[in-house]
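Trainee: Please show me the structure, and I will ask about its parts one at a time.

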Amino acid sequence: MTMSLTLTRPQKAAAILVAMGKPAAGKLLKFFKQEELKSLIDAARLLRTIPQADLEKIVAEFEAEFTEGAGLLDSGDQMDTLLNETLSPEEVSAIMEGRQENKPAGPLPVWPQVEKLDAARIGAFLAGEHPQTGALVLSRLSSPLAAQVLLTLEKPLRSEIMKRMVTMASAPQAAMRIVENQIRARLLDGMSGKDTSTGQARLASVLNEMDKAQLDEVIQDLEAAGTPDLAGVKARVFSFDDMHLLTQKARVLVFDGLSSDVVTLALRGAPEELTEAVLSSIGARTRRMIESELSMGSEGIPLADIMQARKTIASATVRLSREGAFELPAAQIPGEET
């Protein structure tokens with residue numbers, strides 16, 4: 001029985017690589033995985049001198065099996081030389097110690113998760129922290145969210161945080177890790193136990209499809225049922241009938257991006273107070289055009305078209321609020337004090 005028949009496949013591959021020499025073999029080694037190189041080293045250490053005739057048979061076997069994926073591995077001291085001259089010391093050390101190329105993934109970054117939270121929830125967390133921590137946290141948030149968080153804080157704390165934001169330099173990595181760990185433990189994992197902002201937004205989007213009477217009734221039912229985080233839902237709810245509750249500046253922003261046809265349609269049959277609030281937020285020329293259209297009455301205009309126009313305006317208002325342009329007035333439960 002010849003030696004070629006007693007060698008393992010890794011030993012045959014090691015013999016071929018050694019026979020190829022350093023330049024050619026070195027190029028091939030770059031394509032091996034660490035576990036393959038480790039297996040190659042172990043096999044090579046068991047090799048002895050291989051007669052030329054047996055080496056030729058090994059090469060012939062390799063040529064015949066190449067298209068089937070015949071294994072390539074390595075030989076003793078010569079393979080050690082190949083590794084040391086073609087791989088970095090760190091790569092060789094990792095192979096010999098059996099370490100994996102990819103380290104286990106660490107915890108997820110906290111800041112993208114914090115960006116998804118309600119401003120009120122972040123503010124409640126910062127209320128129990130040192131102002132310097134508050135300044136550091138707000139400096140890592142988007143400007144719209146940071147502004148909303150500041151508005152939820154008591155004035156003394158808000159002033160202290162803003163004062164530190166002005167003079168704050170880059171935070172040391174050690175300090176940043178401490179703050180991030182606090183956020184994971186007390187903000188992301190603590191307090192209510194889970195982030196309900198997604199559910200709040202989903203429910204609010206459903207409620208925003210209702211007219212004012214339906215909306216008031218449903219919110220009152222939710223209050224009576226003790227629905228958790230209802231304040232977060234109400235902060236996202238807005239109907240066209242609440243337009244007069246917005247500030248003048250906010251209304252101007254809303255109607256600046258809407259066509260006069262949509263505004264005219266939405267105002268048909270609207271109460272006088274609401275109509276005036278809307279018309280006072282648009283240009284004089286556009287106002288005269290809309291008033292002229294409204295004076296002709298609403299006969300023959302489908303109620304469904306009017307309601308759709310009002311939903312379009314309400315949706316535009318909610319979108320601008322989410323983008324940080326202004327805050328929505330919280331939906332009021334009938335009988336609740338404003």
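Trainee: What covers the buried residues of H8?
Mentor: This is a predicted model, in which local features need pLDDT of at least 70, side-chain atom pairs count only at pLDDT 80 or more, and totals for chains, interfaces and linings use all residues. Residues are numbered from 1 along each chain as its sequence is written, and side-chain values use heavy atoms, with hydrogens and water left out. Helices are DSSP runs (H or I, at least four residues), numbered from the N terminus, and contact means heavy atoms within 4.5 Å. The cover of the buried residues of H8 includes helix H7 (111-114), H9, helix H10 (143-152), H11 and helix H12 (173-188).

Trainee: Which residues of H8 are buried?
Mentor: Buried means under 20% relative accessible area, exposed means over 50%, and partly exposed lies in between (1.4 Å probe, protein chains only). Helix H8 (residues 119-126) is largely enclosed by the rest of the structure, because six of its eight residues are buried. They are Ala119, Arg121, Ile122, Gly123, Phe125 and Leu126.

Trainee: At what angle do H8 and H12 pack?
Mentor: Axes are lines fitted to C-alpha atoms, for helices over the stretch in contact, and angles run from 0 to 180 degrees between N-to-C directions. The axes of H8 and H12 are 11 Å apart. From H8, Arg121, Ile122 and Phe125 make the contact, and from H12, Gln182, Ile183, Arg186, Leu187 and Leu188. The angle is about 115 degrees.

Trainee: Is the crossing of H9 and H11 left-handed or right-handed?
Mentor: The axes of helix H9 (residues 131-139) and helix H11 (residues 155-167) come within 8 Å and cross at roughly 65 degrees. In this contact H9 supplies Pro131, Gln132, Gly134, Ala135, Leu138 and Ser139, while H11 supplies Leu157, Glu160, Ile161, Arg164 and Met165. A crossing is left-handed if the near helix is turned anticlockwise from the far one by less than a right angle, and right-handed if clockwise. The crossing of H9 and H11 is right-handed.

Trainee: Which residues are linked with Glu160 in a network of salt bridges?
Mentor: A salt bridge is a side-chain nitrogen of Lys or Arg within 4 Å of a carboxyl oxygen of Asp or Glu. Glutamate 160 and lysine 163 meet in one at 3.3 Å, N to O; because they are three residues apart in helix H11, about one helical turn separates them. In the network, Glu160 is linked with Lys163 and Arg164.

Trainee: How many salt bridges does a search of the whole structure find?
Mentor: Arginine 287 forms a salt bridge with glutamate 291, with the closest N and O atoms 3.0 Å apart. These two are four residues apart in helix H19 (residues 284-294), so about one helical turn lies between them. Arginine 319 and glutamate 323 also meet in a salt bridge, at 3.5 Å, N to O. The search of the whole structure finds six.

Trainee: Which side chain of opposite charge is nearest to arginine 251?
Mentor: Arginine 251, in helix H16 (residues 248-256), is buried yet has no salt bridge. Lys and Arg count as positive and Asp and Glu as negative, while His and the chain ends are not counted. At 8.2 Å, the nearest side chain of opposite charge is glutamate 276.

Trainee: Which residue has its backbone oxygen 3.1 Å from a polar atom of the side chain of arginine 251?
Mentor: Not counting residues up to four places away in sequence, arginine 251 touches Met243, His244, Leu246, Ala277, Ser280 and Ser281. The backbone oxygen at 3.1 Å belongs to alanine 277.

Trainee: Is serine 321 buried or exposed?
Mentor: Serine 321 is in helix H20. Not counting residues up to four places away in sequence, serine 321 touches Gln148, Phe326, Glu327 and Leu328. With a relative accessible area of 13%, serine 321 is buried.

Trainee: What distance separates the C-alpha atoms of proline 302 and leucine 265?
Mentor: Proline 302 is in the loop between H19 and helix H20 (303-322), and at 43% relative accessibility counts as partly exposed. Proline 302 and leucine 265 are 37 residues apart along the chain, and their C-alpha atoms are separated by 10.0 Å.

How values were computed
Polar contact = N/O pair within 3.5 Å; in protein donor to acceptor, adjacent residues only side chain to side chain.
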